[in-house]
Amino acid sequence: RRARVSGGAGGSGGRVAVPRVAVLLRGINVGSSKRVAMADLRAALEEDGLGGTRTILQTGNVVVDAGRRAAPAVARRVGDVASRVAGGDVGALGVTAAVLRAALDDNPLWDEGRDGARMVTAFSSARGTPVEEPRRGAERLGGGTAHIAADRGGVGLAHQWCPDGVSTAPPLEDLVAFPDGTVVTVRNRNTIRKILAALEDG
């Protein structure tokens, strides 16, 4: 995990590495529900004492300084703040740069030259399992079925290629089952690349 670098105390010129975490929020700015301005979310996170806050796109992607906190603890804190701003419960999942790189690099459904907007990955707080009888025409995946990858850093990964676009593909939940209470949030490949760049940018 690449860390942000900050100036040392007391004008010494020393530079201290600050671990960073990306938090993926679930269910905000989707349709007309839970509309949250990213500027308002950043301000609320900074007011809550979270440093190095940066948001990516409008779909609830936040990069923050983790300090000594593990990714799940950072996610809980960011999720609590986001829930207050949204006026409703917002799921949150903390991921490291290593998890994001695994989502990009260890995906057997991806071929260079494909449209990254049509390749989606579900990040989950518990690993999914294949649905024994896929519903609603899973054969429409065409280029490949959903692939459930090995857990990375306590985060489950499941990939889906949507050759005709995400809006016409079967929902990933029709192909992969998750235990009750699992936080699941989906990002396309292009978005994952942007989050990773922000996380590593410092």
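Predicted model: local features only at pLDDT ≥ 70, side-chain atom pairs only at ≥ 80, totals over all residues.
Visitor: Which residues make the contact of helix 1 with helix 2?

Guide: Helix 1 brings L41, A44 and L45. Helix 2 brings V78, V81, A82 and V85. By class, that is 7 nonpolar, no polar and no charged residues. The crossing is right-handed.

Visitor: How do you know that the buried residues of helix 1 lie on the same side?

Guide: The buried residues are M38, L41, A44 and L45. They cover an arc of only 125° around the axis, which puts them on the same side of helix 1. In general, an α-helix has 3.6 residues a turn, so residues three or four places apart point the same way.

Visitor: What covers the buried residues of helix 1?

Guide: The cover includes strand 3, strand 4, strand 5 and helix 2.

Visitor: What makes helix 3 and helix 4 roughly antiparallel?

Guide: Their axes cross at roughly 150°. The cut-off is over 145, so helix 3 and helix 4 count as roughly antiparallel. Helix 3 passes helix 4 in a left-handed crossing.

Visitor: Which residues of helix 3 and helix 4 make the contact?

Guide: Helix 3 gives A97, L100, R101, A103 and L104. Helix 4 gives R189, I192, R193, I195, L196, L199 and E200. They divide into 8 nonpolar, no polar and 4 charged.

Notes:
Residues numbered from 1 in each chain as written. Heavy atoms only, no water. Buried < 20%, exposed > 50% of the residue type's maximum accessible area, 1.4 Å probe, protein only. Helix = DSSP H or I, 4+ residues; strand = E, 2+ residues; numbered from the N terminus. Arc of directions from axis to C-beta. Contact = heavy atoms within 4.5 Å. Axes fitted to C-alpha atoms, helices over the stretch in contact; angles between N-to-C directions. Parallel < 35°, antiparallel > 145°, perpendicular 65-115°, else oblique. Left-handed = near helix turned anticlockwise from the far one by under 90°. Nonpolar A, V, L, I, M, F, W, Y, C, P; charged D, E, K, R; others polar.
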